[in-house]
Amino acid sequence: MNTVRTELFVGLAWAGGLILLALAASLAHRQDIISHDTTLRLVIGANGLMIAFYGNRAPKALAPTACARQLARFAGWSMVLSGLFYAGLWAFAPIPTAVTLGTIAVAAGALATLSYGLGLRARGHAENSGAR
């Protein structure tokens with residue numbers, strides 16, 4: 001039960017932080033302190049940091065089998081790298097490039113994890129059928 005509360009608190013903290021960031025950036029933009037592009041980069045780039053944060057937490061989650069732990073480690077690395085790349089693009093690349101390459105980076109991380117998981121599953125089925 002404590003883990004569920006902790007996860008809920010962390011999720012709500014991220015949601016609240018993103019909302020506060022969006023509100024603060026919008027206010028700063030309305031006051032002509034920052035540009036519209038900067039507002040967009042701050043708010044959307046923070047999503048990449050959130051992806052990286054949850055990627056870092058993925059391997060630490062309870063996994064029932066060695067195969068699941070192996071997949072969680074791979075997924076964690078994949079999410080961290082794609083999230084940091086996404087955030088970096090939103091910080092430094094032109095916005096159209098950040099949109100395109102950022103989407104590709106996150107999708108590639110998800111597809112890499114999916115294909116790795118399917119590969120582990122196929123290898124597990126092959127090992128189980130060979131043991132009979």
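This is a predicted model: local features need pLDDT of at least 70, side-chain atom pairs count only at pLDDT 80 or more; totals for chains, interfaces and linings use all residues.
Residues are numbered from 1 along each chain as its sequence is written. Local features need pLDDT of at least 70, side-chain atom pairs count only at pLDDT 80 or more, totals for chains, interfaces and linings use all residues, and side-chain values use heavy atoms, without hydrogens and water.

Helix 1 spans residues 2–30, and helix 2 spans residues 36–57. Helices are DSSP runs (H or I, at least four residues), numbered from the N terminus. The two axes come within 9 Å and cross at roughly 170°. Axes are lines fitted to C-alpha atoms over the stretch in contact, and angles run from 0 to 180 degrees between N-to-C directions. Helix 1 and helix 2 are therefore roughly antiparallel (an angle over 145 degrees).

Contact means heavy atoms within 4.5 Å. On the helix 1 side, the contact residues include Trp14, Leu18, Leu21 and Ala22. Helix 2 contributes Leu42, Val43, Ala46 and Phe53, among others.

Val43 is in helix 2. Val43 is partly exposed, with a relative accessible area of 25% (partly exposed lies between buried, under 20%, and exposed, over 50%, with a 1.4 Å probe and protein chains only). Leaving out residues up to four places away in sequence, Val43 touches Leu21, Ala22 and Ala25. Ser26 is 17 residues from Val43 in sequence; their C-alpha atoms are 9.5 Å apart.

Thr113 belongs to helix 4 (residues 95–130). Thr113 is buried, at 18% relative accessible area. Its contacts, not counting residues up to four places away in sequence, are Leu71, Phe74, Ala75 and Ser78.

Conventions
Helices (H or I, at least four residues) and strands (E, at least two) are DSSP runs, numbered from the N terminus. Angles under 35 degrees count as roughly parallel, over 145 as roughly antiparallel, 65 to 115 as roughly perpendicular and the rest as oblique.
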